[in-house]
Amino acid sequence: MVTSASAVPRLVVAAPASGSGKTTVATGLMAAFAERGLAVSPHKVGPDYIDPGYHALATGRPGRNLDAYMCGPDLVGPLFAHGAQGCDLAVVEGVMGLFDGVSGQGELASTAHVAKLLKAPVVLVVDASSQSRSVAALVHGFASFDPEVRLAGVILNKVGSDRHEELLREALEEVGVPVFGALRRAPRVETPSRHLGLVPVAERSAGAVESVRAAAQMVREGCDLEGLLALARTAPPLTAEAWTPALPEARGTARPATTAPHPPAKPIVAVAGGAAFTFSYTEHTELLTAAGAQVAAFDPLNDEHLPEGTTGIVIGGGFPEVYAPELSANGQLRKAVAELARTGAPVVAECAGLLYLARSLDGQEMCGVLDAEARMTKRLTLGYRDAVAVSDSVLAPAGTRLRGHEFHRTVLEPGAGPSPAWGMRLPSPRVEGFVQQGVHASYLHTHWAALPDIARRLVERCAAP
């Protein structure tokens, strides 16, 4: 079946390496096309949580991830079609260098892999600040490395002058790769970074809006938008049916009639947000809703109470280490979270959520649900993980296998409770995380679209008397 969403015009914005400017260019393109009145679907290759926030700001639509490792290659097309439904154009920002995938596993989960799965033309963003004719050799190498990847053009970034641009364009004419834009060095569009990458949109407010506006202006002035749109329209339809958050047995079935005067109340699942907890996948909320939950947002920095009627909590990733004093100062909410956990209600925490449930973080008092202490370090823990559930939990029965991702500069002592959450073989054999009563807390980030039973199991536990 070919769905209408599968025929959406699309571009993949890639680069030879990280730091080339692809986030600025991709976000600027999204915003510039959205300003023209186009419905733009924003996507990001890989597990990144931060860039999609800027994409959402640029387009007014949820930023969505396409991760061929965590979700599997077969879900890339359906998840793309789901996000792109009703859109005029999709812009997909790549990850790292074009051909950089999972370590030791070839192209898996690379930008090139996803571009091939989407049958999408690739535009390469090249940092031209320290080269002239050599750019032709660089681009020629990328264009010829994998004939199945359609490298259809280049956007030159950090161009120094008109003469520099002329030299670059002349060089690229020799290899026959079109230039769709030349962007000057522009400090005004730089986005501040810190220990885990860019500062999230939720923490920057007006500054983030200005960065997106500046990126859009730079792209409008320096890129051939008509040419890029025409290129996007050359992408062929995908043979992919759009993914749906509805669970398989519920798809296409009618809701049974009921004679009850009032339908049963939906369990309320409180999902943490705000500046300290910005890491989440849109599909998680969609899956919870499809499984029958009422999703209610709360901000651990500012809300003193959980949403009324809360029967379960989901606390994703983010930067609690940046806001540890403020989180600690909100003792009333910390107490409410701990009291709900003590009742056996489901409390699911990933990475930042794990730290928030600990006794302390960098000496600041946290919720005390877990008998563990957390602290910042200089060491970055980063990478995909193959994991197996060690203990039965509100998320999955023991023995369940899935793929996840770790990304943090903190350590937790101890790193696992008496009933650990996950077991992993790489980078070294270990168990980690905590399962106790209804609590499941771990450093591992997961994408529930790969295992939608997670949402159903969680909501069923929330609805249980």
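Which strands does helix α10 lie across? Select residues 282–290 in this predicted model.

Six strands make up an open sheet with mixed pairing. Step through them in the order β11-β10-β12-β13-β21-β20. Now colour β11 (294–298) and β20 (434–436). These two are the edges: each has a single partner strand, so one side of each has no neighbour in the sheet. On average, neighbouring strands here are turned by 15 degrees against each other, direction ignored.

Zoom in on β10, residues 268–272. Five bridges join β10 to β11, in the parallel sense. Pick A270; A296 in β11 stands opposite.

Now move to the nonpolar cores. Select L29, L118, I155, L156, L228, L288 and W448. Within the largest core, of 112 residues, these touch the most other members. Helix α1 (residues 22–35) is the top contributor to this core, giving seven residues.

Centre on I155 and show its contacts. Leaving out residues up to four places away in sequence, I155 touches V25, L29, V123, L124, V125, V126, F180, G181, L183, C223 and L228.

Last stop: another core, of 40 residues, lies apart from the largest one. Select A270, A324, V439 and A441, which are among its members. In soluble globular proteins, nonpolar side chains tend to be buried together.

Key. Residues numbered from 1 in each chain as written. Predicted model: local features only at pLDDT ≥ 70, side-chain atom pairs only at ≥ 80, totals over all residues. Heavy atoms only, no water. Pairing = 2+ DSSP bridges. Helix = DSSP H or I, 4+ residues; strand = E, 2+ residues; numbered from the N terminus. Axes fitted to C-alpha atoms, helices over the stretch in contact; angles between N-to-C directions. Contact = heavy atoms within 4.5 Å. Core = buried A, V, L, I, M, F, W, Y, C linked by side-chain atoms within 4.5 Å. Buried < 20%, exposed > 50% of the residue type's maximum accessible area, 1.4 Å probe, protein only.
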